[in-house]
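I opened the model to look up its fold, its charged pairs, its aromatic rings and its surface. My notes are set down in the order in which I checked each point.

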Amino acid sequence: MRFGVNESILFFFNFLAIVPMAKILSVGINDLSARLHPSYGAVLHAFAGNFVELVISSYALMDKQYAIVRSSVLGAILCNILLILGVVFLAGSWPRKGARRQSMNAHLSTQLFVSTSASTLALAVLALVTPAAFKIAAPTGTNIECDLQNISHATAIILLFVYAGLLVFQLKTHANETVDNNEAHHGEAQYFLVFDLFLIVASISGITVCARYLVTSIEHLAHSFHLGNGFIGMVLLPLCVVSNFMEHYDAIKEASEDKVDTAVGLILNTSVQIALLVTPVLVLVGWITSRPLTLDFNTLEICVLACAVLIVNYLVADGKANWLEGYMLIVSYIIIAVAFFYFPNVPEVPGLETMKCNPWSRNLPPELLGIGEGEGGGSH
């Protein structure tokens, strides 16, 4: 019980409350996007959903739920590139009576942007799994907790620079090649700019408040049913963030109207932004607030993320999508969800908040650095 209210009721009402606010946010973003180049609209749509994801993960970070934060980041990416992209492929390639496309294949004409986004996502995966691979490869008994923090901080900063480069590519140097002009919306703005900004700010504020109670109630319900932190972050949180649901609905709707380029671009935009913007910001916020969030993903998380991105890169490489590929993506997501349903909690390392780590030193013991007892063992 919370404030005398059953957790199930609290979850239900906050879930319902977010739906109209997410729609208002979508209206504000759509009207604001009409004033800008279509490429800006894609970035704004992705950021609108991911901002709420960022706020929710920040709440969990302040509560020192590091495992849930890491899992929720990967869960949001996997939900996008497997479950939602799979539904988009199904909606975009399935023949419909009276449709202008009767083929069982959907063609991606903005192949440059699709392939660039998929490649960027692969680069992000390499960066995200490097700290965890470092931990696995480190010799047994080595104190590497500070090393993991330093590697994670450096990786976060580098990923932000990659995201800045991607924005320049998408919005400036290749702006006309990252959108399909035949599919892009060319409507006119219906409201004043100030009113658009008011809708966006008001809806984000309301969603943020409701999302806080939504996440809290999800955690309580999950613990009541003895669900692990991995399942909470990888499956429950991504599926219950309704602001993302509205973006997913828009993508599926676009695909069902034969605008597959727009739909795939929106999904990949959102996924890349989570990897290159949301995750680094969370790591840096943890650094500033003495919440040592590291990119220390477990082996299962590394494997499923790497395999998922590899599959997506392979599927979009030929510039075509069919219903069977979408079906396989959805099945892949279900397999991962089942695995994390049975995956036990991984305890956090105690005392991380009190560690004083020097970013310019390495915490390997002297014998691993080749320093003999008579040569001194000062810190490096």
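The entries below go from the whole chain to single residues.

**Ground rules.** I am working with a predicted model, in which local features need pLDDT of at least 70 and side-chain atom pairs count only at pLDDT 80 or more, while totals for chains, interfaces and linings use all residues. Residues are numbered from 1 along each chain as its sequence is written, and side-chain values use heavy atoms, with hydrogens and water left out.

**Whole chain.** I found eleven helices and two strands in the protein chain, taking helices (H or I, at least four residues) and strands (E, at least two) as DSSP runs numbered from the N terminus. From the N terminus the order of elements reads α-α-α-β-α-α-α-α-α-α-α-β-α. Of the 380 residues, 51% are buried, where buried means under 20% relative accessible area, exposed over 50% and partly exposed in between (1.4 Å probe, protein chains only). Among contacts (heavy atoms within 4.5 Å) with a separation of 6 or more, 84% join residues 24 or more positions apart.

**Salt bridges.** I counted three salt bridges, each being a side-chain nitrogen of Lys or Arg within 4 Å of a carboxyl oxygen of Asp or Glu. Asp31 pairs with Arg35 at 3.7 Å between the closest N and O atoms, and Arg35 also meets Asp196 at 3.1 Å, N to O. Because Arg35 sits in the loop between helix H1 (7–33) and helix H2 (38–62) and Asp196 in helix H6 (residues 193–224), this pair ties together parts that are 161 residues apart in sequence. Within it, Asp31 is buried at 4% and Asp196 is buried at 0%, whereas Arg35 is partly exposed at 37%.

The side chains of Asp296 and Lys135 form a salt bridge at 2.9 Å, N to O. Asp296 lies in the loop between helix H9 (260–288) and helix H10 (299–316) and Lys135 in helix H4 (residues 111–137), so this pair too joins parts that are 161 residues apart in sequence.

**Helix H7.** I then asked how many of the twelve residues of H7 are buried. Ten of them are, so helix H7 (residues 229–240) is largely enclosed by the rest of the structure. One of its residues is Met234, which is buried at 2% relative accessible area. Leaving out residues up to four places away in sequence, Met234 touches Ser71, Leu74, Gly75, Leu78, Val304, Tyr333, Ile336 and Phe340. Met234 and Phe340 are 106 residues apart in sequence, yet 7.5 Å apart C-alpha to C-alpha.

**Aromatic rings.** I counted four aromatic pairs, using rings of Phe, Tyr and Trp (its six-membered ring) with centres within 6.5 Å, where planes under 30 degrees apart count as stacked, over 60 as edge-to-face and the rest as tilted. Phe341 and Tyr342 form an edge-to-face pair, 5.1 Å centre to centre with 90° between the planes. Phe231, Phe341 and Tyr342 make up one aromatic cluster. Phe341 is partly exposed at 41%, and Tyr342 is exposed at 65%.

**Buried Asn80.** Asn80, in helix H3 (residues 66–93), is buried at 2% relative accessibility. A polar atom of the Asn80 side chain lies 3.1 Å from the backbone oxygen of Ala76.

Terms used: Polar contact = N/O pair within 3.5 Å; in protein donor to acceptor, adjacent residues only side chain to side chain.
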